[in-house]
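User: I have a structure open and would like to go through it piece by piece. Can you help me read it?

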Amino acid sequence: MVAESTQTTQGTVRERPIGLTVLAALAGVALVLAVVHLLQAIGLIPYFIGAVAIRDFSLWYALMWGLMVWVWAWAIQAILEADPSAWVFLLIVSGFSLMFDFFTIIASPTTTTDLTFSFLLSLAIFAYMLLPSTKRTFAVQ
């Protein structure tokens, strides 16, 4: 595996596995998707249900997606610092996101929704978090 060098506060060089960078990039894409869903909840971007575009405002969805933006931003920071609590946190967040997206997709009358990519991304993050090398990186047993 290729590793990136990072500087710590004491000036010593520490190696960061490329897997953490990949995981942070996946979480960054999830952050962008959460921002898009936040903009949909505010009504700036329409919801896409098949070929139909619907604009709607929902304060509850806006608050929840705003919270998800904050959660993914914190997760990216914790991943890059290789914080051991980030492993459990990211596993829970991606698992719940995976579950909620799945139920929304199943309930949708069309075959594709705007949550399909979010579902696949959450699945990729969840699966990546369960790899033994990722557990070793976060010092999880």
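User: Is W60 buried or exposed?
Analyst: W60 is exposed, because its relative accessible area is 56% and the cut-off for exposed is over 50%. Keep in mind that this is a predicted model.

User: Where does W60 sit?
Analyst: W60 is in helix α2. W60 also belongs to a nonpolar patch on the surface, together with I42, L44, F57, L59, Y61, L63, M64, L67 and W70.

User: How much accessible area does that patch have together?
Analyst: About 1100 Å². The largest share of the patch, seven residues, comes from α2.

User: What does I76 touch?
Analyst: Leaving out residues up to four places away in sequence, I76 touches A24, A27, G28 and L31.

User: How far is I76 from L20?
Analyst: The two are 56 residues apart in sequence, but their C-alpha atoms are 9.6 Å apart in space. For the protein overall, take the contacts with a separation of 6 or more: residues 24 or more positions apart account for 54% of them.

User: What share of the residues is buried?
Analyst: The protein has 141 residues, and 35% of them count as buried.

User: Tell me about α3. How many residues does it have, and how far does it reach?
Analyst: Helix α3 covers residues 84-107, which is 24 residues. From its first C-alpha to its last it reaches 36 Å, close to the 34 Å expected at 1.5 Å a residue.

User: Which of its residues are buried?
Analyst: In α3 the buried residues are A86, W87, L90, L91, V93, S94, G95, S97, L98, D101 and I105.

User: What do they pack against?
Analyst: Against four other helices: α1 (18-42), α2 (59-80), α4 (116-129) and α5 (132-137).

User: Is S122 itself buried or exposed?
Analyst: Buried, because its relative accessibility is 3%.

User: What about α5? Where is T134, and what does T134 touch?
Analyst: T134 is in helix α5. Its contacts, not counting residues up to four places away in sequence, are L23, W87, Y128 and M129. T134 counts as buried, with a relative accessibility of 5%.

User: New topic. How many aromatic pairs are there?
Analyst: A search of the whole structure finds four. One of them is F96 with F100: the ring centres are 6.0 Å apart and the planes are at 20 degrees, so the pair counts as stacked.

User: Why stacked?
Analyst: Because the angle between the planes is 20 degrees, and planes under 30 degrees apart count as stacked.

User: How are F96 and F100 placed in the helix?
Analyst: Both lie in α3, four residues apart, about one turn of the helix. An α-helix has 3.6 residues a turn, so residues three or four places apart point the same way. F96 is partly exposed at 44% relative accessible area, and F100 is partly exposed at 49%.

User: Which residues form an aromatic cluster?
Analyst: F102, F103 and F119 form one.

User: Last thing, backbone angles. What is phi of A82?
Analyst: Phi of A82 is near 55 degrees, a positive value in a residue other than glycine. A82 lies in the loop between α2 and α3 and is partly exposed, with a relative accessible area of 24%.

User: And phi of A139?
Analyst: Near 60 degrees, again a positive value in a residue other than glycine. A139 lies in the segment after α5 and is exposed, with a relative accessible area of 62%.

Terms used: Residues are numbered from 1 along each chain as its sequence is written. This is a predicted model: local features need pLDDT of at least 70, side-chain atom pairs count only at pLDDT 80 or more; totals for chains, interfaces and linings use all residues. Side-chain values use heavy atoms; hydrogens and water are left out. Helices (H or I, at least four residues) and strands (E, at least two) are DSSP runs, numbered from the N terminus. The expected span of a helix is 1.5 Å times one less than its number of residues. Buried means under 20% relative accessible area, exposed over 50%, partly exposed in between (1.4 Å probe, protein chains only). Contact means heavy atoms within 4.5 Å. Patches are made of residues with over 30% relative accessible area and no salt bridge: like charges are joined within 9 Å, nonpolar side chains (Val, Leu, Ile, Met, Phe, Trp, Tyr) within 5 Å. Accessible areas come from the Shrake-Rupley method with a 1.4 Å probe; for residues, only the protein chains shown count as cover. A salt bridge is a side-chain nitrogen of Lys or Arg within 4 Å of a carboxyl oxygen of Asp or Glu. Rings of Phe, Tyr and Trp (its six-membered ring) pair if their centres lie within 6.5 Å; planes under 30 degrees apart count as stacked, over 60 as edge-to-face and the rest as tilted.
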